[in-house]
Amino acid sequence: MKDLIVQLFSTLLPILLYQMFGTKGYSLNTTKRDVLIGFMIGSVSIWLCMSFPISIFDGYLYDLRDVPLIIGILYGGPWVGISLSAFMFGYRVIIGGQGIYLTLISHIIVLPFIFYQIKKFPHYSHKKRLKVSTLLSFFLSVMVMTVSLTAISLRSGFYITKDMVIFFLYFVISNTLGINILIFLIEKHREHIQITDELQEAEKMRVVSHLAASIAHEVRNPLTVVRGFIQMLAKENMNQEKLQVFGEIMLNELDRAQMIITDYLSFARPQSDPENLEIFEVKTKIEKAVNVMIPYALVQGVEFHTVVANQLFIRAERSKLEQVLVNLIKNSIEAMPQGGTIQIKAGKQNKYVTIDIIDQGIGMTPEQIEQLGKPFFTTKETGTGIGIMVCYRIIEALGGIIKVSSEVGKGTHFSIMIPAEIIQENVTE
Ligand code: ADP
Ligand code: MG
């Protein structure tokens, strides 16, 4: 029993590690880094399995090394697969003892079938992956056992004992079950990530369509101003001085309209690649989010008051932080139907960048705060109750936290903390 637990731990370990490193891990188009991480994690797991084998009765030892091997091949791709296979055989030779050839023969028969699945595997559904990998594991363990037991019985004159049959069953069942459990866990985790991504994108689309109306409204203002001036120009004779002043106003108005559209478009762009982590200054993102929201705020009679320190850096996906800020600011605006001021502050606290968004809106009851972040919790007629949840997920993924304090009738204070990125002065120049 103790042995079995050690084996299970050894096979579970790579999955924990793998999630920690957060590589994308589809076998196609893997980078060198992915291959290296895949190999390191897989080989540690194989090494643990082989070093602490399970013994059912005297002389019959076995381990679950094929479980990390199969997972490594299917999820890590050909290079991880080849290097892990080589590692496994290499370590098997070092351990020595009988049966090296048996391991080699049985694997050489089955491994091609597993490698053959690499290309197709990422395109299967979650269920089909579970099925295929379980079958492969069953096939491999039956082959390993058949080859070994045939060899043993050959030596002892075709004599098959009850022990051998039990051993055979133990081996096949624990390998097949082991793969089944692990692939199930891996696929559940992936499904979860996929759903989260889809929800994020859905909420963004909704915010985008909400904002579009106010943006259109806001762009119409400068156009009206410029139109008025041009009408005047056509009718009246103006001196040079007046022309210059009016010209400048018109240019400013048009620039503003252009800026609003540019910012909006960059927010509305589809989600960028999850691997696009960058280091950037928080200030630029806050300014951008505020600019996107100004038209919406104007319609509701809301003003912004921002105090943001320079030189605050974080490592994240640009569009994600924007999405969080826009979601929170939008909620704050919606909480102030009578208008008011939203304060936005950013600073540094220990190793964290802090961003505070403080409104003077309707606030929330303790029960509502409790519900915050749960999917589909909304108090608005046309709300979805996804915005805050998406914010929580994004900030969590960055290793940060969001705190809320709120009082009914007074307002709400959202406080975001994200691990700060330390940057040498000269790098930022
Ligand atoms: P939605 O905005 O679609 O309702 P959210 O997830 O963005 O969904 O917000 C969920 C709920 O949390 C809102 O319906 C509202 O009741 C509450 N809430 C969020 N932010 C604030 C805020 N700044 N002031 C008051 N209530 C808020
Ligand atoms: Mg919202």
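The model described here is predicted.

Helix α6 covers residues 126-155, a total of 30 residues. From its first C-alpha to its last the helix reaches 44 Å, close to the 44 Å expected at 1.5 Å a residue. Its buried residues are R129, S133, T134, L136, S137, L140, S141, V144, M145, V147 and S148. Just after α6, G157 takes a positive phi of about 75°.

Is I70 buried or exposed? I70 counts as buried because 27 other C-beta atoms lie within 10 Å, and the cut-off for a buried residue is 20 or more. Leaving aside neighbours within four places in sequence, I70 is in contact with I114, S133, L136, S137, L140 and I179. The C-alpha atoms of I70 and S141 are separated by 11 Å, although these residues stand 71 residues apart along the chain.

The chain as a whole is divided into three domains, listed below.

| Domain | Residues |
|---|---|
| domain 1 | 2-202 |
| domain 2 | 212-268 |
| domain 3 | 275-421 |

The centres of domain 1 and domain 2, taken over C-alpha atoms, are 66 Å apart.

In soluble globular proteins, nonpolar side chains tend to be buried together. In this model, the largest nonpolar core has 46 residues, and those with the most contacts inside it are M293, L325, V326, I329, C391 and I395. Helix α9 (residues 282-300) gives the most to this core, with 8 residues. Domain 2 (212-268) and domain 3 (275-421) each supply at least three residues to this core. Apart from it lies another core, of 33 residues, which includes V67, L136, L182 and I186. Within the largest core, M293 is one of the residues with the most contacts. Not counting residues up to four places away in sequence, M293 touches V326, I329, K330 and I333.

The last feature is the surroundings of the ligand. Which residues come nearest to ligand 1? Of the 23 residues around ligand 1, these are N331, A335, T378, G383 and G387. The elements that give two or more residues to this shell are α10 (318-334) and α12 (387-397). By class, the shell contains 8 nonpolar, 13 polar and 2 charged residues.

Note on methods: Residues numbered from 1 in each chain as written. Chains lettered and ligands numbered in written order. Predicted model: local features only at pLDDT ≥ 70, side-chain atom pairs only at ≥ 80, totals over all residues. Near = placed C-beta within 6 Å. Helix = DSSP H or I, 4+ residues; strand = E, 2+ residues; numbered from the N terminus. Nonpolar A, V, L, I, M, F, W, Y, C, P; charged D, E, K, R; others polar. Domains from an automatic or database assignment. Expected span 1.5 Å × (residues − 1). Buried ≥ 20, exposed ≤ 12 C-beta atoms within 10 Å, placed from the backbone. Core = buried A, V, L, I, M, F, W, Y, C linked by C-beta atoms within 7 Å. Contact = placed C-beta atoms within 7 Å.
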